[in-house]
Amino acid sequence: MKKDNCPYCQQKEFLAKFGYLAFETETSEVIVFKDQTHKGRAIVAYKKDHIAEIQDLSDEERNAFIKDVSDVAKAIQKAYNPDRINYGAYGDTLGHLHFHICPKYKDEFEWGGTFQMNTGNLSNDEVCEEVAKNIKKNYKF
């Protein structure tokens with residue numbers, strides 16, 4: 001079931017505050033995170049229902065979701081060639097299953113540490129559209 005106060009369930013203006021919908025798979029929504037302090041940063045959100053915990057998915061649903069996370073990470077790797085990719089699955093306040101995929105670059109912002117959720121440095125839709133195209137172009141459907 002979808003939840004009324006969840007940006008991943010409702011999208012529109014709520015999601016647009018921090019994300020830009022790039023494309024969808026059968027299982028997930030791929031969202032460019034508007035804070036592009038780490039070029040290519042994206043979110044993979046489970047789209048079928050408002051699920052909070054990965055362990056609440058069936059094996060088949062979990063495998064499909066994690067495959068999407070992996071495939072988006074591969075596309076980001078091809079598009080932006082980061083030195084590492086960090087993953088974050090936080091949900092204390094939002095409670096919708098999603099992973100942040102954060103490319104990291106040696107000798108750049110936050111290398112060797114945990115990435116910040118929000119630096120307040122939001123990109124406009126043109127920048128996000130470019131990132132979305134680059135990820136989609138390198139994603140294997």
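In which loop is Leu122 found? In this predicted model, for which local features need pLDDT of at least 70, side-chain atom pairs count only at pLDDT 80 or more, and totals for chains, interfaces and linings use all residues, Leu122 is found in the loop between strand E5 (98–104) and helix H4 (125–138). Residues are numbered from 1 along each chain as its sequence is written, and side-chain values use heavy atoms, with hydrogens and water left out. Helices (H or I, at least four residues) and strands (E, at least two) are DSSP runs, numbered from the N terminus.

Leu122 is partly exposed, with a relative accessible area of 49%, where buried means under 20%, exposed over 50% and partly exposed in between (1.4 Å probe, protein chains only). When residues up to four places away in sequence are not counted, Leu122 touches Lys17, Lys34 and Asp35, contact being defined as heavy atoms within 4.5 Å. The C-alpha atoms of Leu122 and Gln55, which are 67 residues apart along the chain, are separated by 32 Å.

The strands include an open sheet of five, with the order E1-E2-E3-E5-E4 and antiparallel pairing; two strands pair if DSSP finds at least two bridges between them. The edges of this sheet are strand E1 (19–24) and strand E4 (84–88), each of which pairs on one side only. On average, and with direction ignored, neighbouring strands of this sheet are turned by 25° against each other. Five bridges join E1 to strand E2 (residues 28–33) in antiparallel fashion, with Leu21 having Ile31 in E2 as its bridge partner. Helix H4 packs on the sheet, touching E1, E2 and strand E3 (42–46), and its direction makes about 25° with that of E1.

Strand E2 is mostly covered, since six of its six residues are buried. In a regular strand the side chains alternate between the two faces of the sheet. Both faces of E2 are covered, with Ser28, Val30 and Val32 buried on one side and Glu29, Ile31 and Phe33 buried on the other.

The axes of helix H3 (residues 59–80) and H4 come within 8 Å and cross at roughly 110°, where axes are lines fitted to C-alpha atoms, for helices over the stretch in contact, and angles run from 0 to 180 degrees between N-to-C directions. H3 and H4 are therefore roughly perpendicular to each other, because angles of 65 to 115 degrees count as such, whereas those under 35 count as roughly parallel, those over 145 as roughly antiparallel and the rest as oblique.

Most residues other than glycine have a negative phi. Asn81, in the loop between H3 and E4, has a positive phi near 50° and is exposed, with a relative accessible area of 58%. Glu110, in the loop between E5 and H4, has a positive phi of about 65° although it is not a glycine, and at 15% relative accessibility Glu110 counts as buried.
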